[in-house]
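Have the sequence and the 3D view ready.

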Amino acid sequence: MASALSSPAEQNVQPPVRFSFELPTHRAHRPQEFVTGEAIAELTRAAAAAGFDAVNVTDHPAPDARWLDNGGHHALDPFVALSFAAAADPGLRLLTNIYVPAYRNPLLGAKLVHSLDLLAGGRLILGVAAGYLRPEFRALGIDFDRRGEILDEALAVLDAVFTGDDLAWQGSDFSARGVRFRPVPPSGRRPPVWVGGNSRPAIRRAARFDGWAPFHTGGFAAASRTATIESVDDLAAAIRYVHSQRAGATGPFDICWSEPTLANRATSVDERLDRVTALTTAGVSWLTVSVPGDTRAEVLDGVAAFGTEIIGRTVAA
């Protein structure tokens with residue numbers, strides 16, 4: 001990682017938590033500030049310099065006007081946006097937080113994942129979820145009530161194609177014979193998969209993969225069709241539950257938590273560091289961070305300040 005601060009790797013220290021910067025490409029009302037290739041590149045390089053470990057984007061190909069008018073947001077295609085980030089910095093991880101596999105044919109989705117991970121040198125972390133925005137499913141012609149089933153099928157297909165074996169698959173809505181993906185990744189497996197969502201089914205699904213990505217519901221649990229997580233105690237209990245579902249499992253397992261106000265400089269540095277400590281004590285290993293600002297210059301300033309005030313002190317601790 002290119003960083004003005006010494007990285008954890010350089011210090012030979014495993015940090016208590018890693019940080020991912022949310023690229024503000026959803027701020028479509030300021031496209032020249034945030035939704036250009038130049039903006040993605042500049043913000044990605046700033047995140048790397050500040051000590052972030054990843055950048056992340058989300059996935060909404062067809063958001064409806066009612067949702068947008070009531071707090072929803074736009075999104076670029078996650079694989080296109082992250083390809084610009086990948087080209088801007090050679091070290092940062094690339095996180096989809098989150099990608100909805102049900103929005104795409106499983107083989108088309110697998111090709112997108114394969115292409116980005118290949119060209120980025122294996123830096124992709126695939127955060128996925130079943131999705132919750134019913135009108136978006138309707139607009140894309142997908143059965144909303146089957147979204148969990150479709151997610152499971154898409155992840156199974158992803159596992160299969162990354163082995164390099166020819167794929168024969170009779171799916172619920174597709175049929176494949178002899179499909180072959182090349183080149184085969186050196187590891188022979190797909191990127192790490194973190195499953196998002198707060199519900200018990202989402203947690204049980206996450207336990208089968210490489211990580212879990214819950215989120216602070218902030219009073220919108222019903223609207224997002226998931227279980228409430230409002231406090232660190234709620235989160236800690238849910239983390240205990242996901243680990244209980246992994247009995248006998250081996251290998252790394254990450255907990256990625258979206259902390260919406262961690263970069264808000266109206267709150268003191270000590271309070272924010274205390275929040276980081278509380279979350280890591282609860283079991284969080286990654287934090288995604290949104291940096292406020294009405295202009296790119298303000299966001300860049302906030303990214304640099306976060307690196308100095310929070311990331312640098314967290315690593316030093």
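This is a predicted model: local features need pLDDT of at least 70, side-chain atom pairs count only at pLDDT 80 or more; totals for chains, interfaces and linings use all residues.

## Helices that cross

Residues are numbered from 1 along each chain as its sequence is written, and side-chain values use heavy atoms, with hydrogens and water left out.

Helices here are DSSP runs (H or I, at least four residues), numbered from the N terminus. Two packed helices are described by the angle between their axes and the distance between the axes. The axes are lines fitted to C-alpha atoms over the stretch in contact, and angles run from 0 to 180 degrees between N-to-C directions.

| Helix pair | Angle | Axis distance |
|---|---|---|
| α3 (residues 37-50) and α5 (residues 78-88) | about 50° | 8 Å |
| α6 (residues 106-119) and α8 (residues 147-162) | about 50° | 9 Å |
| α5 and α6 | roughly 5° | within 10 Å |

So α6 and α8 are oblique to each other, while α5 and α6 are roughly parallel. The cut-offs are under 35 degrees for roughly parallel, over 145 for roughly antiparallel, 65 to 115 for roughly perpendicular, and oblique for the rest.

Which residues of α6 and α8 meet? On the α6 side they are P106, L107, A110, V113, H114 and D117, and on the α8 side E153, A154, V157, L158, V161 and F162; contact means heavy atoms within 4.5 Å. By class, that makes nine nonpolar, one polar and two charged residues. Nonpolar covers Ala, Val, Leu, Ile, Met, Phe, Trp, Tyr, Cys and Pro, charged covers Asp, Glu, Lys and Arg, and the others, Gly among them, are polar.

V113 of α6 turns up again with α5: F79, L82 and S83 in α5 meet L112, V113 and L116 in α6. This contact has five nonpolar, one polar and no charged residues.

The crossing of α3 and α5 is right-handed too.

## A pocket by α6

Helix α6 also gives the largest share of the lining of the second largest pocket, three residues. By class, that lining has nine nonpolar, four polar and four charged residues.

Conventions
Helices (H or I, at least four residues) and strands (E, at least two) are DSSP runs, numbered from the N terminus. A crossing is left-handed if the near helix is turned anticlockwise from the far one by less than a right angle, and right-handed if clockwise.
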